[in-house]
Amino acid sequence: ANTLRDTNADAYMQLSYESMYTHVQLMLQLQDAGAITFDYGNNLRARAIEFEAQQPNHSLVQQYTPLLQRSPDKKTSALFPGFVPAYIRPLFCEGKGPFRWAALSGDPNDIAVTDELICNLFPENKSLQRWMAMAKERIAFQGLPARICWLGQGEREKAGLAFNELVRTGKVKAPIVIGRDHLDTGSVASPNRETEAMLDGSDAVADWPILNALVNTAGGASWVS
């Protein structure tokens, strides 16, 4: 692939479009057969529609039900959804998102202490309990020992204050730094993923991360990622 891209970029692009088009059409066949179908929001559907619109007489297009027949206005959501509107946005509406922390001591035992704390703080959250047990068993640390889980508004504040208490009382060897994943409420404005198919039509509005950063900074955050 690298050689072809260097020696014949046009052929590389053509084969890429053909591959994406075939990929989407096969996903639609799975959906038509009853499979739950979605994508990550990597613009796969949009590129497939673009290929069909630009090359309507291509032999590949003749093999399948046209995408533009399924979506005359070229809206990707008419084919199948991205995973954010399908599964994650309801969590966003509840203020739930990824909550990440790292042990600045470098000692994995400090994360073990925080793991126990999180489980004790939210015993009623069965999915969280399941994840924490699995993470301790299966997730290897890279660099500073760290952990991530999904918590809601208010829950993250509760966890952060409890972490402060661990540091104050010396139950961990050094401070715990708290951050978040990119897939958080208000973190990214992308019409192909986080803001796809917004009910108010604001898919391409890009002020979410700016407002998020301003609110975090006004709230005293020292690390806004």
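Reader: Leaving aside its neighbours within four places in sequence, which residues is Thr114 in contact with?

Author: Thr114 is in contact with Trp101, Phe163, Leu166 and Ile176. Contact here means heavy atoms within 4.5 Å. The model is predicted, so local features need pLDDT of at least 70 and side-chain atom pairs count only at pLDDT 80 or more, while totals for chains, interfaces and linings use all residues. Residues are numbered from 1 along each chain as its sequence is written, and side-chain values use heavy atoms, with hydrogens and water left out.

Reader: Where is Thr114 found, and what makes Thr114 count as buried?

Author: Thr114 sits in helix α7. Its relative accessible area is 0%. Buried means under 20%, exposed over 50%, and partly exposed in between (1.4 Å probe, protein chains only). Thr114 is therefore buried.

Reader: How do you know that Thr195 is buried?

Author: Thr195 has 1% relative accessibility, so Thr195 counts as buried. The residue is found in the loop between β3 and α10. Not counting residues up to four places away in sequence, Thr195 touches Arg89, Val188, Ala189, Ser190, Asp203 and Trp208.

Reader: Where in that loop region does Ala197 belong, and why is Ala197 called partly exposed?

Author: Ala197 also has its place in the loop between β3 (176-179) and α10 (208-218). Its relative accessible area is 34%, so Ala197 is partly exposed. Ala197 has a positive phi of about 55° although Ala197 is not a glycine.

Reader: What is the phi of Lys74, and why does Lys74 count as partly exposed?

Author: Lys74 has a positive phi of about 65°, although Lys74 is not a glycine. Lys74 lies in the loop between α5 (67-70) and α6 (83-93). Its relative accessibility is 49%, so Lys74 counts as partly exposed.

Reader: Why are α7 and α8 called roughly antiparallel?

Author: Helix α7 (residues 108-121) and helix α8 (residues 126-138) pack at an angle of about 165°, with their axes 10 Å apart. Angles under 35 degrees count as roughly parallel, over 145 as roughly antiparallel, 65 to 115 as roughly perpendicular and the rest as oblique. α7 and α8 are therefore roughly antiparallel to each other. α7 passes α8 in a left-handed crossing. A crossing is left-handed if the near helix is turned anticlockwise from the far one by less than a right angle, right-handed if clockwise.

Reader: Which residues of α7 and α8 meet?

Author: Asp115, Ile118 and Cys119 in α7 meet Leu128, Gln129, Met132 and Lys136 in α8. These residues divide into four nonpolar, one polar and two charged.

Reader: What makes α2 roughly perpendicular to α3?

Author: Helix α2 (residues 9-32) and helix α3 (residues 44-54) pack at an angle of about 110°, with their axes 8 Å apart. That angle makes α2 roughly perpendicular to α3. α2 passes α3 in a left-handed crossing.

Reader: Which residues form the contact of α2 with α3?

Author: In α2 they include Tyr17, Met20, Tyr21 and Val24. In α3 they include Leu44, Ala48 and Phe51. The residues of this contact divide into eight nonpolar, three polar and five charged.

Reader: Into which domains is the protein divided?

Author: The domains are domain 1 (1-81), domain 2 (98-180) and domain 3 (182-224). Their bounds come from an automatic or database domain assignment. The centres of domain 1 and domain 2, taken over C-alpha atoms, are 41 Å apart.

Conventions. Axes fitted to C-alpha atoms, helices over the stretch in contact; angles between N-to-C directions. Helix = DSSP H or I, 4+ residues; strand = E, 2+ residues; numbered from the N terminus. Nonpolar A, V, L, I, M, F, W, Y, C, P; charged D, E, K, R; others polar.
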